[in-house]
Amino acid sequence: MPAPVVLILAAGRGERFLTSGGSTHKLAAQLNGKPVLEHVLEAVENAKLKWHLVCPEGGTRGMGESISLGIHATPEAPGWLILPADLPLIQPSSLQRVAAELEENSIVVPHYQRNPGHPVGFWHKYRAELSALSGNMGAKEIVRRARQRGEVKDIFLSDYGITHDIDTLADLQAAQRLIDLSHA
């Protein structure tokens, strides 16, 4: 069965990061010597999955529009892993696990210590609903309705990186401390 495409959502404005004291867009902020976005791209490439970066000039009006753009740009995909680009600690194995679980499930939601994370996986049967998203409303409502029908598989991972996004300068500093501890 063909693997899903990872949609890396990098179209947000990063305003909270700037107002928290950041001096650049959060995806360009340096983490362990390289931009946050580069960490995410490396994880996806190391997972050996196809990917598409959603980063239109001028950004988008929110998560829903970003997802829709990604779906429209990858119409041949058998499914998608929706991955915000501000998760620099995510492990390639987590991406591979969600992709593998998606082979037998319509929607896959990963969790770390009971907290839902990313990437959320969607099989092609959700193409129309995902491509119709707009504005800042992401796919939570799609997942909620599918969950009521028993079409969601929850998986539990030991990867803190699926939930640790970079929204503020404090988040970036916490991520750096975790990297430093892992190398100590």
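Predicted model: local features only at pLDDT ≥ 70, side-chain atom pairs only at ≥ 80, totals over all residues.
Let's start just after helix 2, where Lys 48 takes a positive phi of about 60°.

Now step back into helix 2 itself, which covers residues 36-46. Which residues are buried in this helix? They are Val 36, Leu 37, His 39, Val 40, Leu 41, Ala 43 and Val 44.

Let's zoom out. What about the overall dimensions? The C-alpha atoms fill a box of roughly 40 × 35 × 30 Å along the principal axes. For 184 residues, a compact globule would have a radius of gyration near 16 Å, and this protein has 16 Å, so the two agree.

How does the chain meet itself? Take the contacts between residues at least 6 apart in sequence: 71% of them join residues at least 24 apart.

How many aromatic pairs does the structure hold? There are 2. In one of them, the ring centres of Tyr 112 and Tyr 160 are 5.7 Å apart, and because their planes sit at 75°, above the cut-off of 60, we call the pair edge-to-face. Tyr 112 belongs to strand 6 (residues 107-112), while Tyr 160 is in the loop between strand 9 (152-156) and helix 7 (169-183), so the partners are 48 residues apart.

Are these two tyrosines buried or exposed? Tyr 112 has a relative accessible area of 17%, so Tyr 112 is buried, with the limit for buried being under 20%. Tyr 160 is at 34%, so Tyr 160 counts as partly exposed.

The other pair is Phe 122 with Tyr 126. Their ring centres are 6.2 Å apart and their planes meet at 70°, so this pair is edge-to-face. Phe 122 has a relative accessibility of 1% and counts as buried, and Tyr 126 is buried too, with a relative accessible area of 1%.

Methods: Residues numbered from 1 in each chain as written. Heavy atoms only, no water. Rg over C-alpha atoms; globule rule 2.2 N^0.38 Å. Contact = heavy atoms within 4.5 Å. Phe/Tyr/Trp six-rings, centres within 6.5 Å; stacked < 30°, edge-to-face > 60°. Helix = DSSP H or I, 4+ residues; strand = E, 2+ residues; numbered from the N terminus. Buried < 20%, exposed > 50% of the residue type's maximum accessible area, 1.4 Å probe, protein only.
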